[in-house]
Amino acid sequence: MILRFIRKSLAFSLSLSILMGTLLIVLITLGFLYFRSRQQVRQVAIDEMSQSLHNTRLHIRGVLNEVETATINTEWAVLHDLNPDSLFKISQRILQINPNLYGCSIAMAPDFFPAKGHYFSAYSSNEDGHIMTEQEGNDDYNYFEMPWYKLPMTTHKPCWIDPYHDYNSEEETYEKEMITTYSRPLVGADGRYIGVIAADLSHRRLSQLLAIDPPYPNSYYLLLNHEGKLIASGHENATLDDLRRDNCMVVHETVPRTGWTICVVCPRYDIYKNFRQPEYIIGGIVLFGLLLVFLAGYIVVRLAVNPLKLLADQTQHIAQGDYDEPLPKSNRVDEIGQLQNTFAAMQQSISGYVSDLQQVRQQTEERNEELVVAKAKVEESDHKKTEFIQEFTHQIRTPLNIISGFAQVLQTDSDSLEDEDLDSISKGILQNSKSMATIIENLHIVSSLEGATSVELNDTLHVNGICQQAIERVTLIPPHTVSLTMETRLPDNFLLRTHRAYLQKILSELLENANKFTKVGLIILRCQQYDPRFVEITVSDTGQGIPPADRERIFSLFTKLSTFSEGLGLGLYLTRRLARLMGGDLRLDDTYVGGTRFILQLPV
């Protein structure tokens with residue numbers, strides 16, 4: 001529907017074109033500004049992350065320098081007092097002077113002190129402020145193969161060792177606390193390498209240093225070794241995968257004299273978080289501005305092309321045959337105004353000619369319609385008259401033929417007939433004459449009630465009595481496989497003010513219909529009162545029933561469900577007509593199954 005409106009509205013199409021052009025320019029401009037702004041924000045973030053990273057690196061480097069300086073200062077004391085007892089005191093004193101250290105080992109070369117055995121390492125550890133000193137080294141803890149001893153003795157250079165779990169020889173297990181070690185080789189007076197002095201820094205201390213002052217709320221630091229493996233972080237859930245994610249920015253620096261790299265990782269949403277709020281504001285302003293541009297353009301273009309719209313509407317009216325609506329004249333002197341005025345004059349001329357033609361056409365159509373209606377009525381009347389005559393002739397001729405045949409039998413063979421045959425013939429004559437009388441009586445009643453709206457109710461009757469009389473007048477059709485009974489819930493003295501003849505006619509028609517279409521089973525006439533305003537008389541049977549499609553049609557005049565059934569199709573029409581004239585009604589019970597039930601309601 002929107003596309004259809006756009007195609008039909010020139011003003012809207014032009015305004016939309018202006019809007020699309022403006023939108024394209026705005027989007028290009030905003031895209032360039034957005035790109036440049038993001039670059040600037042990214043550069044600012046990189047600068048801030050670099051500065052924060054540099055400060056953190058200096059802080060870490062300062063702590064590492066303290067460890068290196070303490071180790072270098074202790075090296076001199078070790079070389080000038082090489083005896084086991086002094087080494088224990090020296091390792092203990094370095095921890096007392098430097099509380100940031102976790103431990104200190106002065107490990108000598110194999111068999112350096114023969115009295116102490118193959119291994120000798122004076123080790124002191126700082127356990128929550130308690131300094132403990134012991135001798136390390138045995139076959140279970142061969143420190144000669146440990147990286148903190150082997151690497152400086154091999155390279156003859158001081159070095160930092162990546163964090164590791166040290167082995168506890170007493171408990172025969174590895175320590176829970178990870179440590180990183182700064183190791184320096186010891187060189188004797190003769191130039192031989194006689195051992196290593198190592199100072200330990202706890203891994204927890206490194207992580208604490210990395211957790212200080214990140215540049216953004218969700219940023220954090222990582223410390224990597226020379227192989228690129230993670231050795232410490234300022235975030236407990238940090239992994240190396242964080243460095244590979246597209247949604248994070250990473251800045252790194254090398255920590256001098258360690259081979260380590262320190263990185264700062266920052267999610268991009270942290271960096272651009274403050275950048276997004278202006279985006280929404282600018283986006284809202286742009287949308288509002290575009291809406292204003294569209295509305296202003298639409299108004300201007302609408303005013304400019306309004307005469308064309310009037311011409312388009314008018315041509316559409318003319319195409320649909322509406323020539324009477326005048327087109328207003330324009331005060332404009334441009335081409336559009338001239339076109340509108342010329343078209344208005346042409347429309348007035350066409351309207352005059354068309355008006356004359358329409359008047360002639362209308363008169364002709366009215367005459368034709370009157371002729372068609374009159375012809376249809378005549379044909380319908382002739383058809384109904386023919387049908388009625390044929391049906392009436394058939395319904396009268398059949399009982400007349402039967403009566404005539406019985407009369408001939410009585411005339412020629414009356415002496416030879418037995419009493420039983422005479423009784424059968426007399427009953428046949430009586431039944432067929434009664435059928436003819438019923439047809440003529442129904443026609444008479446229908447014609448007499450033409451135009452009537454009510455009848456006078458001058459008779460006061462006992463309901464049970466008149467119903468019993470109706471039962472007694474019914475002659476069941478042989479073979480006698482049907483039982484006719486009456487049930488009542490009314491007292492015998494229950495009186496009803498009604499029209500005797502019409503009520504008898506209704507009951508007679510309903511019972512005769514039930515008798516005609518019920519071959520086996522029951523016919524029950526029931527009297528009852530559910531509503532104090534009405535008395536209800538029902539006639540139910542176990543006959544063939546009435547199809548749902550015909551349940552309303554049966555009450556129409558001259559309607560029969562079978563062309564082979566007796567009568568003219570007046571019975572149910574007449575009974576409902578009489579019931580309504582007496583202030584009541586007759587209806588078919590749609591809920592009844594196994595036959596047919598008619599319900600007659602009459603006012604008390």
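## Helix H3

Helix H3 (residues 84-97) comprises 14 residues and reaches 20 Å from its first C-alpha to its last, close to the 20 Å expected at 1.5 Å a residue. The expected span is 1.5 Å times one less than the number of residues. Helices (H or I, at least four residues) and strands (E, at least two) are DSSP runs, numbered from the N terminus.

The buried residues of H3 are Pro 84, Ser 86, Leu 87, Phe 88, Ile 90, Ser 91, Ile 94 and Leu 95. Buried means under 20% relative accessible area, exposed over 50%, and partly exposed in between (1.4 Å probe, protein chains only).

## Basis of the model

This is a predicted model, in which local features need pLDDT of at least 70 and side-chain atom pairs count only at pLDDT 80 or more, while totals for chains, interfaces and linings use all residues. Residues are numbered from 1 along each chain as its sequence is written, and side-chain values use heavy atoms, with hydrogens and water left out.

In helix H4 (residues 147-155), the buried residues are Trp 148, Tyr 149, Pro 152 and Met 153. They lie on the same side of H4 because they cover an arc of only 110° around the axis; the arc is that of the directions from the helix axis to the C-beta atoms. An α-helix has 3.6 residues a turn, so residues three or four places apart point the same way.

Just after H4, His 156 takes a positive phi of about 60°, in a residue other than glycine. His 156 lies in the loop between H4 and strand S4 (159-168) and counts as partly exposed, at 40% relative accessibility. Arg 257, also not a glycine, has a positive phi near 65°. Its place is in the loop between strand S9 (248-255) and strand S10 (260-267). Arg 257 counts as exposed because its relative accessibility is 55%.

## A nonpolar surface patch

Phe 288, Leu 291, Leu 292 and Leu 295 form a nonpolar patch on the surface, with about 380 Å² of accessible area together. Accessible areas come from the Shrake-Rupley method with a 1.4 Å probe. Leu 291 lies in helix H7 (residues 273-319) and is partly exposed, at 44% relative accessibility.

## The whole protein

The protein has twelve helices and 17 strands, and 38% of its 604 residues count as buried.

Key: Patch = residues over 30% accessible without salt bridge, like charges linked within 9 Å, V, L, I, M, F, W, Y side chains within 5 Å. Salt bridge = Lys/Arg side-chain N within 4 Å of Asp/Glu carboxyl O.
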